[in-house]
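Please read the following briefing alongside the model, which is shown first.

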Amino acid sequence: MINQERIKNLLLELVQIDSVSREEREVAQRVRAICEELGAEVFIDDAGEKVGGNTGNVIARFPGTVPSAEPIMMSAHMDTVVPGKGVKPVVEGDIIRSDGTTVLGGDDKSGVAVILETIRCLQEQDIPHAPIDAVFSICEEVGLLGAKHVDLSKVRARYGLVFDSDDPGFLFTRGPSSNHFEFKIYGLESHAGVAPEQGISAIKIAAEGIAAMKLGRIDEETTANIGVIQGGAATNIITNLVTLKGEARSLDDAKLEAQSRHMVKCLEDAAAKYEVSVDGVTTRGRVESHVTREYHSMDVSDDSRVVRLVKSAAARMGLDVKTLASGGGCDANIFNKLGIECANLGTGMRAIHTVKEWLDVKDMYASAEMTLEIMRLNGEQARQAAGK
Ligand SMILES: [Zn+2]
């Protein structure tokens, strides 16, 4: 059994340490201290320097008590979205929420708490277990930057779990690839009242291009959005530059490419309709498109080692854990790409990325109990394999 009071108090402590992305140092130091107290060899890598943050990822290597067992990773991110400073958690029975002025930060401090409580229990209860690499990442919320820059030479494990989703009854094993778009739409500046025929409105091109785009939910596996539009200075100027930012995601890379090409083409087609000649110089509407891959999809099979382990552990507790696809990206997308096969287990966080964020501690307890059982079963399996 886990210690419910202790994990709840740890969560309450952690959410009150400010750690918006790139400013995770204080919480990283606290996590480091706890891990050292528990006997880990702790590294802070140089990811922070690479991404302009004030700390790197915390990588804590805990020795195992089953000598032959392969190391297993447990990971959660330390950063939160905004507004995330000065979190004042409100406890109402089993529900913990923010006071409504900030997020709670249960995303993903509930994951951090689950990992630390599990390790404490393994040690206190003398449960034979594999070596554990606990990876506490930075900057997950701003493009999975901590995971992208993790110092892999410090991580021994090649499989494991990320704790960064809602319901502990679900294991996310598939996630989309995501493309990020930045479009610059160029028109031609002119006085709107005096010489409108000598201008090309970048706003009009943007409007026509966006109106022609399929956006929102494209199909079961694919989504797309234009999230930012900027341009224009005054009503009497025909605007010569509009900037758009957007994204598309799909579980299927071919569909993602098709959607991305479609979005670029809509803007290019709109721009191509506009052309003016002033004093013998011809100007055409024009689009500059920058499409970058934000992260790659993940697809961990139900037959993989980590999924079988989680399902067997859940079954021993009389529970059924379902694997499913997520519409979002998380550190697990990156870790899988880096060769650490991992799935994402829920911790009870709800209404994340809003000031209404809340968490039912019973869900977090269930997540920690399941994680403890996963580690116990993993240790047993390693011992059995060594005994053969
Ligand atoms: Zn998260």
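**Pockets, helix packing and strand pairing**

The largest pocket is lined by 36 residues, of which Arg249, Tyr295, Gly328, Gly329 and His353 lie nearest its centre. A pocket here is an open set of points on a 1 Å grid over the protein atoms alone, where a 1.4 Å probe fits, with protein on both sides within 12 Å along at least five of seven lines, and lining residues have an atom within 4 Å of a point. The model is predicted, with local features needing pLDDT of at least 70 and side-chain atom pairs counting only at pLDDT 80 or more, while totals for chains, interfaces and linings use all residues. Residues are numbered from 1 along each chain as its sequence is written, and side-chain values use heavy atoms, with hydrogens and water left out.

**Largest pocket**
- Its volume is about 770 Å³, a volume being the space filled by probe spheres set on the grid points, which are joined across faces, edges and corners.
- Two or more lining residues come from each of several elements, among them β7 (159-165), β8 (170-175), β12 (222-231) and β17 (286-295), while β14 gives the largest share, 4 residues.
- The lining comprises 10 nonpolar, 15 polar and 11 charged residues, where Ala, Val, Leu, Ile, Met, Phe, Trp, Tyr, Cys and Pro count as nonpolar, Asp, Glu, Lys and Arg as charged, and the others, Gly among them, as polar.

- Helix α8 (residues 305-316) packs against helix α10 (residues 361-387) at an angle of about 110°, with the axes 9 Å apart; helices are DSSP runs of H or I with at least four residues, and strands are runs of E with at least two, numbered from the N terminus.
- That angle makes α8 roughly perpendicular to α10, a term that covers 65 to 115 degrees.

**Strand β8 and its partners**
- Strand β8 runs parallel to β19 (residues 322-325), joined by 4 bridges, and Arg174 stands opposite Ala325 in β19; two strands pair if DSSP finds at least two bridges between them.
- With β20 (residues 341-346), β8 pairs in the antiparallel sense over 2 bridges, Leu345 being the bridge partner of Leu171.

Notes:
Axes are lines fitted to C-alpha atoms, for helices over the stretch in contact, and angles run from 0 to 180 degrees between N-to-C directions. Angles under 35 degrees count as roughly parallel, over 145 as roughly antiparallel, 65 to 115 as roughly perpendicular and the rest as oblique.
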